[in-house]
Amino acid sequence: MAEGRPMTNAELQAYYAGHGIETELSLDDNGDEQVVITSEEGLRRMADLSPNPASAHAMVDQLLAAADDGDASGSTVLTGRPTPG
């Protein structure tokens with residue numbers, strides 16, 4: 001993993017797997033492959049790993065509320081990627 005560049009899909013999947021977070025690959029609207037966390041539990045584990053877990057959990061709550069309300073339009077995919085180092 002090179003410092004200062006976004007992680008590749010393979011590196012990202014290995015990182016998530018190393019933290020017990022299940023993922024799958026999905027195509028976004030542009031046809032680009034994205035790594036998707038497949039469960040609320042995985043989103044919560046990722047939030048626990050963030051620099052500010054309380055804020056991250058609040059974002060997960062908002063995301064899940066929007067999905068429950070039907071406000072998540074189309075194929076909403078979170079594409080934030082950790083940058084090593």
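1. Buried residues account for 21% of the 85 residues in the protein. The model is a predicted one, and the remarks that follow should be read with that in mind.

2. On the overall layout, the protein has three helices and two strands. Read from the N terminus, the elements follow the order α-β-β-α-α. Of the contacts between residues at least 6 apart in sequence, 42% join residues at least 24 apart.

3. On the strands, β1 (residues 23-27) pairs with β2 (residues 33-37) in the antiparallel sense, over five bridges. Thr23 lies opposite Ile37 in β2, and Leu27 lies opposite Glu33 in β2. The two strands make a hairpin with five residues between them. In the turn, Gly31 has a positive phi of about 85 degrees.

4. On Val35, the residue belongs to strand β2. Is Val35 buried or exposed? Its relative accessible area is 8%, which is under the 20% limit, so Val35 counts as buried. Apart from neighbours within four places in sequence, Val35 is in contact with Asn9, Leu12, Gln13, Tyr16, Thr23, Glu24 and Leu25. The C-alpha atoms of Val35 and Glu22 are separated by 10.0 Å, the two residues being 13 apart along the chain.

5. On Val36, this residue is also placed in strand β2. With a relative accessible area of 22%, Val36 is partly exposed, because that class runs between the 20% limit for buried and the 50% limit for exposed. Val36 and Glu22 are 14 residues apart in sequence, and their C-alpha atoms are 8.6 Å apart in space.

6. On the helix pair, how do α2 and α3 run relative to each other? The axes of α2 (residues 40-49) and α3 (residues 53-68) come within 8 Å and cross at roughly 155 degrees. Angles over 145 degrees count as roughly antiparallel, and α2 and α3 are therefore roughly antiparallel to each other. The crossing of α2 and α3 is right-handed.

7. On the residues in that contact, which ones does each helix supply? From α2 come Glu40, Leu43, Arg44, Ala47 and Asp48. From α3 come Pro53, Ala56, His57, Val60, Asp61, Leu63 and Leu64. By class, the residues of the contact of α2 with α3 comprise seven nonpolar, one polar and four charged.

How values were computed: Residues numbered from 1 in each chain as written. Predicted model: local features only at pLDDT ≥ 70, side-chain atom pairs only at ≥ 80, totals over all residues. Heavy atoms only, no water. Axes fitted to C-alpha atoms, helices over the stretch in contact; angles between N-to-C directions. Helix = DSSP H or I, 4+ residues; strand = E, 2+ residues; numbered from the N terminus. Parallel < 35°, antiparallel > 145°, perpendicular 65-115°, else oblique. Left-handed = near helix turned anticlockwise from the far one by under 90°. Contact = heavy atoms within 4.5 Å. Nonpolar A, V, L, I, M, F, W, Y, C, P; charged D, E, K, R; others polar. Pairing = 2+ DSSP bridges. Buried < 20%, exposed > 50% of the residue type's maximum accessible area, 1.4 Å probe, protein only.
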